[in-house]
Amino acid sequence: EGKDLNDKIINITVEEKATGEISAGAGFGTSGSTFNFGIRENNYLGKGLTVDADATVSIDSFRGKLGINNPNYKNSDKSVFANIQSIEIDRTKNYGYKTNKTGFEVGTNFEYLDDLNLGLSGRSFFEKISTDSSASATQQKQKGNYFDAFTNLSFSYDKRNQKFRTTKGFISSYGIDIPLVSENNTLTNAYNYKYYTELYENNISSLSLFLKTANSLTGDDIKLSERLSIPGSKLRGFEIGKIGPKDGSDYIGGNHAATINFTSTLPQILENAQNVDFLFFIDTANLWGVDYSSDIDQSNTLRSSTGFVLDWFTPIGPLNFSFAQDLSKANDDKTETFQFSLGTTF
């Protein structure tokens, strides 16, 4: 009881917990390796700000990003975020071209209706494309400096019962990049849908759909850096960036991408293995379309794979191992059977 009428004294105990995360990953294939490292702080300066930095390095590319997000700007229940990005792809040795792209993004995200989130952001990039005499004629035509500015709109309808280890429900999202200042006027659309259910007791299964297109509003050829690829998590058993249309020996990406993925947890094989999850998956994907040449194979071929995933929650963080076998592919696609990643918190 407090000193005055209707006053209460409430004792609150605050228990500290980890607010930072470190992640690391690696992929190995016949043509080289990929490594990524990230660090994230979810309570920067004790003010609830999220600061996120990550980098991915492969034999011919570097991708880095540093961002900050305020999830409740001035108690408005609206998030405000900003980030800077840098992407360099150096294929001078084998294909005669190099792209360097640097830019920033500022935006907001908020719940417009129950479970419906809206996002709005502006992003600008400065890009330099350089070539030498070994580059193809089309690549040499794109040599030069570019400045592009886009508006991004996103919509997300989230009916999952929980965001972590979801057991039922679905999430549906759509995003569009609209060119404001651009020499090529590339319009990009992307749609994601994922449904969760239990096929039997203590099972978690999901079915997902991913669609993405990139085309010029003015009928121009989109830049090499704007061409699409299939995310590695959506087509296991294939080397990232090593499927789809080829210009000579270079995998140039496509104008259209589509994937369908099914995953399902398996019954525990090991006794007392609460920290180990086994999953079965089937991935299917297609990457096709070459806007700048009718002489290049559009690569409109269904790729598919199946395999198993082991998620092991170790004291140093979650370990992920995937073993995959391709079921169908195009003649030029490159496959790999094993990948792993590691993450931890501090």
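This is a predicted model: local features need pLDDT of at least 70, side-chain atom pairs count only at pLDDT 80 or more; totals for chains, interfaces and linings use all residues.
Residues are numbered from 1 along each chain as its sequence is written, and side-chain values use heavy atoms, with hydrogens and water left out.

View 1. Thr 99 belongs to strand S6, residues 97-113 (strands are DSSP runs of E with at least two residues, numbered from the N terminus). Thr 99 is buried, with a relative accessible area of 4% (buried means under 20%, exposed over 50% and partly exposed in between, with a 1.4 Å probe and protein chains only). Leaving aside neighbours within four places in sequence, Thr 99 is in contact with Ile 87, Glu 88, Ile 89, Glu 127, Lys 128 and Ile 129 (contact means heavy atoms within 4.5 Å). Thr 99 and Ile 129, although 30 residues apart in sequence, are 4.5 Å apart from C-alpha to C-alpha.

**View 2. The aromatic pair of Phe 323 and Phe 338.** Rings of Phe, Tyr and Trp (its six-membered ring) pair if their centres lie within 6.5 Å, with planes under 30 degrees apart counted as stacked, over 60 as edge-to-face and the rest as tilted; by this rule the count comes to 6 aromatic pairs. Phe 323 and Phe 338 form a tilted pair, 5.4 Å centre to centre with 40° between the planes. Phe 323 lies in strand S17 (residues 317-328) and Phe 338 in strand S18 (residues 338-345), so the pair ties together parts that are 15 residues apart in sequence. Phe 323 is partly exposed at 45% relative accessible area, and Phe 338 also counts as partly exposed, at 29%.

**View 3. Asp 247 and the side chain of Tyr 292.** Asp 247 is found in strand S12, residues 246-247. The side chains of Asp 247 and Tyr 292 are joined by a polar contact of 2.9 Å (a pair of N or O atoms within 3.5 Å; within protein, one must be able to donate a hydrogen and the other to accept it, and residues adjacent in sequence count only if both atoms are side-chain atoms).

Definitions and conventions:
Helices (H or I, at least four residues) and strands (E, at least two) are DSSP runs, numbered from the N terminus.
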